Amino acid sequence: MTSDFLADFGQMSAFGATPGGGVERQAASAADGENRAWFGSWLVDNGFTLRTDAVGNIFGLIETVPGAPYVVVGSHLDSQPLAGRYDGAYGVLAGAHAARATAAAIAAGDAEPRFNLAVVDWFNEEGSRFKPSMMGSAVFTGMLPLDTALATTDPSGTTVAEALDAIDGRGTFDGLDVAAYLEVHVEQGRELEDTGTTIGLVSTTWTAHKLEVVVTGEQSHTGAARMADRKDALHGAAELIVAARRLIDGFEPEQLHTAVSEMYLDPNSPVAIAREVRMLVDIRSPERATLETAVERLRERMSEIEQLAKVDIEIVKVVEWSSGPFLEEGILLAAAEAERLGYTHRRSATVAGHDATNMKERVPTVMLFVPSVDGISHNEREFTSDADMLAGVEVLTAVLGRVVAGDLSAAEAPAAPLSSDAS
Ligand SMILES: [Zn+2]
């Protein structure tokens, strides 16, 4: 089974491959579409029933307990621009192999399931082409209206609906009750590597605010306009970039992460002062109070920059992810399986957002990490060893087997099984 996994992962990594050894498969791009089609065929060839929902999430289903809810396992196939091959894609394929192995054990009479099996590729986890990130799982969990997601445009004005239609990526599936959710992902940090640990048991997630900011100035001549008269939106944006970076100075090391990650300016002409800059400020912390203090300080700094650069600065949208713990029972179950299989393990906090971050708000959720060499991610040089990938598949398969058998008691009687009717 294991070398089979590596062969499949090698095939998947060819879609959207970049010269530097990474991939570029932004959501609903042609390369994402080709990879999704390959994955769909893989699911069908391996005995899964293939279904796609209205926001482009792909499900592979195996029903062995008629009418029972599903244990869903997966991640996302889309990528950042010029990205690594492991982020998301590893977790989807690992989930598919884990589900296939579990189904085989059930078919052989070696396991007694209480729940059915589903593999998922969540649409647009990365949020690089269409904001916000974690879109497919947000629609599935009812955190984002379907219509809002479908009407979201990329920088060229193409909607999610149009982009999905271009890769034949929209379906009508809407009937999945979820008992529990499992995901394995590369760590994208360096804690596991630094501590010589193979399996991370994700126990908590950082909180994040993504601020969409518009800086408004006035277009004028770069040469002729008097310096004193200028209202340079790009000058204001530059001050804001520095302010966001310097925000961390007031906090303990690694208690605050900040970045300005995206920027568009108009008119973007060599001889015109910018009249408008739209930018995204990304602020994260393990502590909500720290994050709120940081955002407050940034707002104060924005007022000062308005005076300094003679611009208006407006926060037009804030997307928030709440922090919080993962299910303790799931962490303990995963720890026991990692231990039994002989792998080192430790609790991890996730700084990055994941579909599991959305799912854990709705259903019992277990998330595992495997090491990322040098903590590099969203980069072609992202790397996880074959041995670590296989260890992750093995532990995920073991955890899936137990959760499907009903060993995660919280999963036996979810308060309200999640139904994916996109409301
Ligand atoms: Zn990811």
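Is Asn 35 buried or exposed? Asn 35 is buried, because its relative accessible area is 0%; buried means under 20% relative accessible area, exposed over 50% and partly exposed in between, with a 1.4 Å probe and protein chains only.

## About the model

This is a predicted model, in which local features need pLDDT of at least 70 and side-chain atom pairs count only at pLDDT 80 or more, while totals for chains, interfaces and linings use all residues. Residues are numbered from 1 along each chain as its sequence is written, and side-chain values use heavy atoms, with hydrogens and water left out.

## Around Asn 35

Asn 35 sits in helix H2 (residues 30–45); helices (H or I, at least four residues) and strands (E, at least two) are DSSP runs, numbered from the N terminus. Setting aside neighbours within four places in sequence, Asn 35 is in contact with Met 12, Phe 15, Arg 25 and Leu 77. Contact here means heavy atoms within 4.5 Å.

## The zinc site

Three residues coordinate the zinc ion at 2.0 to 2.2 Å: His 76 through NE2, Asp 87 through OD and His 185 through NE2. Donors are N, O and S atoms within 2.8 Å of the metal (3.2 Å for Na, K and Ca), and water is not among the atoms, so sites may look incomplete.

Along the sequence, the donor residues follow the spacing H-x10-D-x97-H. His 76 belongs to the loop between strand S3 (70–75) and helix H3 (89–107), and His 185 to strand S5 (residues 177–186), so the pair ties together parts that are 109 residues apart in sequence. Both His 76 and His 185 are buried.

The contact takes 11 residues from domain 1 and 14 residues from domain 2.

## The largest pocket

The largest pocket holds about 1,300 Å³ of space. On a 1 Å grid over the protein atoms alone, a pocket is an open set of points with protein on both sides within 12 Å along at least five of seven lines, a cavity is a set where a 1.4 Å probe fits but cannot get out, and lining residues have an atom within 4 Å of a point. Grid points are joined across faces, edges and corners, and a volume is the space filled by probe spheres set on the points.

Which residues are closest to the centre of the largest pocket? Of the 42 residues that line this pocket, they are Asp 282, Arg 284, Val 351, Ala 352 and His 378. Elements giving two or more residues to the lining include strand S7 (207–216), strand S9 (257–266) and strand S11 (276–285), and S9 gives the most, with 5 residues. The lining draws at least three residues from each of domain 1 and domain 2. By class, the lining of the largest pocket has 12 nonpolar, 17 polar and 13 charged residues. Ala, Val, Leu, Ile, Met, Phe, Trp, Tyr, Cys and Pro count as nonpolar, Asp, Glu, Lys and Arg as charged, and the others, Gly among them, as polar.

## The cavity

The count comes to 1 cavity of 30 Å³ or more, and the largest cavity holds about 30 Å³ of space. Residues lining the largest cavity include Leu 201, Phe 326, Ile 331, Thr 365 and Met 367. Strand S6 (199–205), helix H10 (328–340) and strand S15 (365–370) are the elements that give two or more residues to this lining. By class, the lining of the largest cavity divides into 8 nonpolar, 2 polar and no charged residues.

## Backbone features in loops

A cis peptide bond, with omega about 0 degrees, joins Lys 131 and Pro 132. Pro 132 is found in the loop between strand S4 (116–121) and helix H4 (135–140). The peptide bond from Asp 266 to Pro 267 is also cis, with omega near 5 degrees, and Pro 267 is found in the loop between S9 and strand S10 (272–273).

That loop between S9 and S10 is also the place of Asn 268, a residue other than glycine with a positive phi near 55 degrees. Asn 268 counts as exposed, at 57% relative accessibility. Gln 188, likewise not a glycine, has a positive phi of about 65 degrees, but counts as buried at 18% relative accessibility.

Note on methods:
Domain bounds come from an automatic or database domain assignment.
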